[in-house]
Amino acid sequence: MSTETTPAVTQKKESLFSKKNKKLLSDPLNDSNPITVQVLGICSALAITVQLQQAVIMSLSVLFVMIGGNVIISLMRNMVPDRIRIIVQLVVVASLVIIVDEVLQAFQPDISEKLSVFVGLIITNCIIMGRLEAFALANKPGPSFLDAIGNGMGYAWILLVVSIVREVFGSGAISLPGMGQVKFLPTSWFISEGGLYENNNLMILPPMALITVGIIIWIQRSRNQALIEEN
Amino acid sequence: MEYFNIFVKGIFIENMIFAYFLGMCSYLAVSKTVKTANGLGLAVIFVLGITVPINYLLENYVLKEGALAWLSPDYANVDLGFLSFIMFIAVIASMVQLVEMIVEKFAPALYGALGIFLPLIAVNCSILGGALFMQDRQYPSIGEATVFGLGSGVGWWIAIVAIAAIREKIRYSHVPAPLRGLGITFIITGLMGIAFMSFMGIEI
């Protein structure tokens, strides 16, 4: 697991949208993507990508927890003794996740049911702990906020791409929260109705999530040669 | 028989890695050599075997709706379920600390083997996942919960040792450059997952 620390922001007077801070936002989308490069937060990224709506809700939840956690830990960074920092981080993150879980159960009960334990597992999502350790503990709230947004978005786009691929090929549909599943192929095309098309059920099964992410990594690294690893 | 069933199910059919992707971060990061993978795998079995029963007791005597009735009948309607995330993670983090200290004191050889991996485990999703699945599936007794924890741990251990062995070998083959390292590991894990799916539907 690479935990490269972004150099600490030390200058006092620096506008929130300086060049360095813009890099905090754009880097995690490609060069230091949390999933494909830093290898953080894989568990949830794979398990909930069967449908787009779950992926959207999950991305929003992680984004919320990341922003909250990064800003709170960054505000507390000078008060927390080094030895107990992990447990302090866990408590902060767990409280934020409880809020997310209660909100989901109240407003999106179906999706909350489908996500089941994976909402709780945001607590141990390494992407959150990883960014808290690597960034928020050493930086001021402003940059931490941007770093959280950047990494949250980097996580989200992989999730959305994987879930769109899996849902389109696996169920022949696209679903968004609040809209339900929209099937875009006419039913007469399917073999059961005398057509020629059949959904690829393999895409719904868990292993295909891994292979889809593997292929995304392949494409990304062949376009961005700097990321290629030694064997 | 019921125990054996839960154990085998935890290892093969509901494998933490291949069916639920739990603990993937450490699975990918620590699987470069078989030796370290083995150490981390054993530590996961150990910690899951301890934390799942403790969280089971916590769930059934403190958190569940009506669980506090043993204190006094007045508390029969109290439902502390919303606290379960924070309680579970607190139990796991403190148990890992405690286990680390105990092992260091009484079994230095084991500490040498597991030592550096124990702190990593507090944030391994498979441990919290084990506790949450235990809560979800409502096992009838603590024995079954323990066996579930051990079975899941063994399944995780098998998965990480297998991928580490494959990664040691694949170093000598010609993998396309952009796939090297992470990419090929993902794809191999996917293929192993498909293989493990053949265990699905087995009833013992």
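In the predicted model, the largest nonpolar core comprises 118 residues, of which A:Ile42, A:Cys43, A:Leu46, A:Val97, A:Ile123 and B:Leu128 touch the most other members. The greatest contribution to this core comes from helix α8 of chain B (residues 142-170), which supplies 11 residues. One of the core residues named above, A:Leu46, is in contact with residues of both chains: beyond its neighbours within four places in sequence, its partners are A:Ala209, A:Leu210 and A:Val213 in chain A, and B:Phe21 and B:Met24 in chain B.

The interface between the two chains involves 39 residues of chain A, which are in contact with 40 residues of chain B. On the side of chain A that touches chain B, at least two residues each are supplied by α2 (42-47), α4 (85-107), α6 (117-120), α7 (126-134) and α9 (206-223) of chain A. Of these elements, α9(A) gives the most, with 11 residues. Classified by residue type, this side of chain A consists of 29 nonpolar, 7 polar and 3 charged residues.

Helix α7(A), one of the contributors to that side of chain A, is largely enclosed by the rest of the structure, because 7 of its 9 residues are buried. The buried positions are A:Cys126, A:Ile127, A:Ile128, A:Met129, A:Gly130, A:Arg131 and A:Leu132. Their cover is drawn from both chains and includes α3 (52-76), α4 and α8 (141-171) of chain A, together with α2 (24-29) of chain B.

Chain B contains 9 helices and 0 strands, and its order along the sequence is accordingly written α-α-α-α-α-α-α-α-α. The C-alpha trace of chain B spans about 70 × 45 × 30 Å along its principal axes. Of the 204 residues in chain B, 48% are buried. Among contacts in chain B between residues at least 6 apart in sequence, 77% join residues that are at least 24 apart.

With regard to confidence, the model scores ipTM 0.80 and pTM 0.83. The mean pLDDT of chain B is 85, with 97% of its residues reaching 70 or more. Within chain B, the lowest confidence is found in helix α6 (residues 118-121), at a mean of 73, whereas the highest is found in α8(B), at 93. Where pLDDT is low, predicted coordinates should not be read in detail.

Definitions and conventions. Residues numbered from 1 in each chain as written. Chains lettered and ligands numbered in written order. Predicted model: local features only at pLDDT ≥ 70, side-chain atom pairs only at ≥ 80, totals over all residues. Contact = placed C-beta atoms within 7 Å. Helix = DSSP H or I, 4+ residues; strand = E, 2+ residues; numbered from the N terminus. Nonpolar A, V, L, I, M, F, W, Y, C, P; charged D, E, K, R; others polar. Core = buried A, V, L, I, M, F, W, Y, C linked by C-beta atoms within 7 Å. Buried ≥ 20, exposed ≤ 12 C-beta atoms within 10 Å, placed from the backbone. pLDDT = per-residue confidence, 0-100.
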